[in-house]
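Me: I have a model open and want to go through its ligands and the spaces they sit in. Can we take it step by step?

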Amino acid sequence: MTVTKAPEDAYTAEPFVPARGGLAALRRAAAGCRGCPLHREATQTVFGEGAAAARVMLVGEQPGDQEDRQGRPFVGPAGKLLHRALAEAGIDPGEAYVTNAVKHFKFTRDEPRKRRIHKAPTLRETAACGPWLAAELAVVEPELIVVLGATAGKALLGSSFRVTEVRGTVLEREIHGRPQRLVPTVHPSAVLRAEDREGAFRGLVADLKVAAHALG
Ligand code: URA
Ligand code: SF4
């Protein structure tokens, strides 16, 4: 007898996504997602947070170390920076729905200190997790999506997405069969890594102001 292994392309969250129910039902189901291998090493699923009635949805890459421990998106250093930038741009984080393209933390360990180092998800993992983001979008129906960096951009707009080409502009695209406005910008972690951190922060705020203006 031959044992055939499922092809890696079979990675998908699809069978775990409930056909009906609101955000609470999605969150409960996502906690048990085994749609790709990332659930194995991570502590827990980090689902999106915010009201179903939120006008704006912010989409990041994937949870980081702190998010993985606490089970909440954007609570670590990048999240703190994002909240400062949102406040400066005049967007109330309490009125936003905040989520990630990928719901489990991917990392490697640096050997001497065994710290967990963030590792970018592959396109395949991002695609596998896509049904959760699609389900969140279907419930929240945001007026605007703020796309934080390349992974979120590729997840929503395809692999040709280049953040430098479109950041700070209002895009109009069809996303999962629905017309959608999006404002892409850099990922807050990129601001933390930038040599000119203040300049990078100002750039993020400027892009978020475009989003604030588009929301009216
Ligand atoms: N970076 C992200 O993209 N998302 C988080 O939730 C935290 C850091
Ligand atoms: Fe499921 Fe996404 Fe986690 Fe993969 S990363 S197991 S698809 S929730």
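Me: Which ligand 1 atom does a backbone N or O atom of Phe74 lie 2.9 Å from?
Reply: It is an oxygen atom of ligand 1. Bear in mind that this is a predicted model.

Me: Which residues are around ligand 1?
Reply: Gly60, Glu61, Gln62, Pro63, Gly64, Glu67, Pro73, Phe74, Asn100 and His187. By class, that shell has 5 polar, 3 nonpolar and 2 charged residues.

Me: OK, where does ligand 1 sit?
Reply: Ligand 1 is in the largest pocket. That pocket has a volume of about 570 Å³.

Me: How many residues line the largest pocket?
Reply: The lining has 28 residues, and those nearest the centre are Gly64, Ala78, His118, His187 and Ser189. Elements giving two or more residues to this lining are α2 (65–70), α3 (77–89), β4 (115–118), α5 (150–157) and α7 (188–193).

Me: Which of them gives the most?
Reply: That is α7, with 4 residues.

Me: Switching topic. Where does ligand 2 sit?
Reply: Ligand 2 is in the largest cavity. The structure holds 1 cavity of 30 Å³ or more, and the volume of the largest cavity is about 100 Å³.

Me: What lies nearest the centre of the largest cavity?
Reply: Cys33, Gly35, Cys36, His104 and Cys129 do, out of 14 lining residues. Helix α4 (residues 123–140) gives the most to this lining, with 3 residues.

Me: How do the lining residues of that largest cavity divide?
Reply: Into 9 nonpolar, 4 polar and 1 charged.

Me: Last one. Which residues surround ligand 2?
Reply: Ala13, Cys33, Gly35, Cys36, Leu38, His39, Val102, Lys103, His104, Ala128, Cys129 and Trp132. This shell around ligand 2 divides into 8 nonpolar, 3 polar and 1 charged.

Conventions:
Residues are numbered from 1 along each chain as its sequence is written. Chains are lettered from A and ligands numbered from 1 in the order in which they are written. This is a predicted model: local features need pLDDT of at least 70, side-chain atom pairs count only at pLDDT 80 or more; totals for chains, interfaces and linings use all residues. Side-chain values use heavy atoms; hydrogens and water are left out. A residue is near a molecule or strand if one of its heavy atoms lies within 4 Å of it. On a 1 Å grid over the protein atoms alone, a cavity is a set of points where a 1.4 Å probe fits but cannot get out, and a pocket is an open set with protein on both sides within 12 Å along at least five of seven lines; lining residues have an atom within 4 Å of a point. A molecule sits in a cavity or pocket if more than half of its atoms lie within 2 Å of its grid points. Ala, Val, Leu, Ile, Met, Phe, Trp, Tyr, Cys and Pro count as nonpolar, Asp, Glu, Lys and Arg as charged, and the others, Gly among them, as polar. A polar contact is a pair of N or O atoms within 3.5 Å; within protein, one must be able to donate a hydrogen and the other to accept it, and residues adjacent in sequence count only if both atoms are side-chain atoms. Grid points are joined across faces, edges and corners, and a volume is the space filled by probe spheres set on the points.
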